[in-house]
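Reader: I would like to learn how to read cavities and a helix face in a model. Please start with the cavities.

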Amino acid sequence: MPEQPAQEPIELSELDGSLSRRAVLGTGAAAGVAVGIGAFDPADARPGGPDGRGTTLQRTLIKGDKGKHGYRKIVVGPGEPHLVRHELMRGVRRPGRARRRGILAMGQLTDMHLMDAQSPARVEFLDRLDDPGSPWAAILPFQGAYRAQDTLTTHVAEATVRALRRVGRGPVTGLPLAFTITTGDNVDNTQYNELRWQIDLLDGKRIVPDSGDLTKYEGVADQSAYDVHYWHPDGPPPGQPTDLRISQAGFPRVPGLLDASRRPFVAKGLGMPWMSVFGNHDGLVQGNVPSSPLVAQVATGSTKIIDLPPGVNIGELAAQLVTNDPAGLQTLFGGPSRQVTADPNRRPLSRAETIAEYFKSTGRPHGHGYTAWNLATGNAYYAFGKGRVRGISLDTVNPFGGSEGSIDEVQFAWLTEQLKKGSRHYLDESGHVVKGGKHDRLFVLFSHHTIGTMDNDTGPGRVLGHQVAELLLRFPNVILWVNGHTHRNTVTAYRRSKHAKVPGGFWEINTASHVDWPQQARTVELVDNRNGTLSIFGTIIDHAAPTSWGKHPRSPLELAALSRELGANDWQERAKSPHGQDGKRGRVEDRNVELLVPAPFKL
């Protein structure tokens with residue numbers, strides 16, 4: 001195994017002292033919906049105890065009835081209580097009730113995909129290959145190259161930040177959110193201007209969601225190179241047919257939207273420490289392809305490709321892009337084009353440049369998880385924590401390309417060493433209990449990819465998701481892995497073998513994106529039940545935009561409301577789920593949950 005790099009975790013004292021403080025639940029409404037093992041001590045409750053306000057414990061937003069061409073508005077649905085899940089408690093003796101104590105509360109943002117929708121480096125024309133009726137749908141890796149709501153990503157991020165800031169505390173424990181972590185795909189196309197939007201949004205700065213010519217929109221939704229495959233909110237130019245999303249999917253006309261979406265606004269800011277995780281769209285062009293001089297030239301230039309070259313072999317092109325064959329990019333950027341305004345701020349960033357940008361922030365902590373070690377090495381993984389809780393942020397992006405993830409052997413060795421140092425006892429590869437470090441820590445992992453999507457073995461020495469999961473199951477102190485990437489709410493139990501000397505396992509919490517429906521975030525709370533078990537509470541949060549965007553959306557929240565509605569009517573998803581299934585919201589057991597796990601040591 002390669003030599004392990006020396007990187008020490010930063011301490012959460014740099015973030016917020018609240019992480020080390022214990023809190024307990026009062027008698028608010030959230031206590032009633034959580035079917036718990038025991039009550040929280042009211043003598044220690046914080047003033048104005050938790051009540052679920054601002055979360056989906058109180059109410060949740062759902063799709064309404066079908067209207068014209070199947071288009072649905074957003075309506076308010078009933079709140080959803082926490083559902084208790086016991087899958088990891090097999091073979092574990094559960095003592096009676098006890099007074100429970102909160103350990104940690106945090107927020108999760110994921111897959112913001114802050115997007116320069118006018119960038120010449122975008123290849124929206126590939127998305128139509130996944131349209132209803134296309135023979136290439138569900139075969140080629142071209143999903144997500146275009147969305148009707150592409151111009152509204154900064155507004156959704158702003159609405160999500162406002163919602164999380166308004167909640168402020170764990171809805172179960174009442175603990176202040178010690179930090180929020182963004183689990184990757186913070187930007188959509190590795191560009192400098194997109195990354196600055198993310199950092200400045202979370203810091204609470206002035207945002208100019210525009211590029212190129214700041215006096216007009218230059219992209220696929222305007223009328224300069226009209227194409228019926230894209231949604232045109234102003235309608236068609238004279239003599240042209242209505243676009244397919246309006247004529248066949250019931251999308252609205254919203255005159256003036258292209259100007260409204262580019263107007264500057266001042267972001268509210270999270271108002272709490274925040275950490276950042278590296279995702280495939282943060283490191284690869286459109287989340288798939290390593291950058292190159294050609295990509296940089298296209299991104300910062302004045303020529304925007306609007307279609308594939310005539311007669312191109314689609315299957316061959318897909319194979320070239322997946323295998324990083326330079327001929328694929330040459331073909332991709334060799335088709336018919338239009339002229340747009342060049343912008344040097346669209347330049348793609350390397351991993352090292354992305355890390356360095358996080359040090360140019362007024363928010364806390366300095367570097368947002370990254371340290372001088374990350375600056376020196378260009379590695380995007382790190383550890384952080386205080387007291388008994390240790391967070392580990394993995395870099396699951398494969399630098400050799402591909403949307404799915406994996407880690408290298410050096411990072412795997414580093415992870416192993418981190419776990420050993422924070423575990424007084426763990427299981428060796430033969431399943432025997434062995435001694436580890438001097439102190440016990442509760443481990444929570446963060447990454448962009450899920451275990452199931454870490455199957456990208458392109459390049460030498462890649463370690464896949466199932467191998468990482470097998471390692472984690474040897475360490476009872478690992479209780480949780482939080483991630484994104486799938487754009488779906490899912491919660492999965494990973495259980496040790498029934499023959500293992502230590503029962504239990506760990507939970508994986510995967511949260512939906514902010515770019516696609518349902519555009520939700522999540523709070524995560526760790527609770528000591530003080531009877532030999534822990535509870536992990538996950539609570540879904542809808543962003544702060546209203547259900548309706550009105551007639552002439554102009555404010556960030558009105559624009560975010562429109563984005564959510566457009567995302568709920570994604571016509572490709574509609575074709576894949578003709579009977580109205582709502583897979584990206586997840587099942588009820590994937591949303592508001594209480595996840596039980598054996599306590600690995602006495603807290």
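Author: The largest cavity has a lining of 15 residues, and those nearest its centre are Met-115, Ala-117, Thr-151, Trp-197 and Pro-209. A cavity is a set of points, on a 1 Å grid over the protein atoms alone, where a 1.4 Å probe fits but cannot get out; lining residues have an atom within 4 Å of a point. This is a predicted model, in which local features need pLDDT of at least 70, side-chain atom pairs count only at pLDDT 80 or more, and totals for linings use all residues. Residues are numbered from 1 along each chain, and side-chain values use heavy atoms, without hydrogens and water.

Reader: What is the make-up of the lining of the largest cavity?

Author: Its residues are five nonpolar, six polar and four charged. Ala, Val, Leu, Ile, Met, Phe, Trp, Tyr, Cys and Pro count as nonpolar, Asp, Glu, Lys and Arg as charged, and the others, Gly among them, as polar.

Reader: Which residues lie closest to the centre of the second largest cavity?

Author: They are Ala-148, Asp-150, Thr-151, Tyr-217 and Ala-221, out of 14 lining residues. This lining has nine nonpolar residues, one polar and four charged.

Reader: Now the helix. Which residues of α13 are buried?

Author: An α-helix has 3.6 residues a turn, so residues three or four places apart point the same way. In α13 (residues 465–472), Gly-465, Val-468, Ala-469, Leu-471 and Leu-472 are buried (under 20% relative accessible area, 1.4 Å probe, protein chains only). They lie on the same side of α13, because they cover an arc of only 160° around the axis, taken from the directions from the helix axis to the C-beta atoms. Helices are DSSP runs of H or I, at least four residues, numbered from the N terminus.

Conventions: Buried < 20%, exposed > 50% of the residue type's maximum accessible area, 1.4 Å probe, protein only. Helix = DSSP H or I, 4+ residues; strand = E, 2+ residues; numbered from the N terminus. 1 Å grid on protein atoms, 1.4 Å probe; cavity = no way out; pocket = protein on both sides within 12 Å on 5 of 7 lines; lining within 4 Å.
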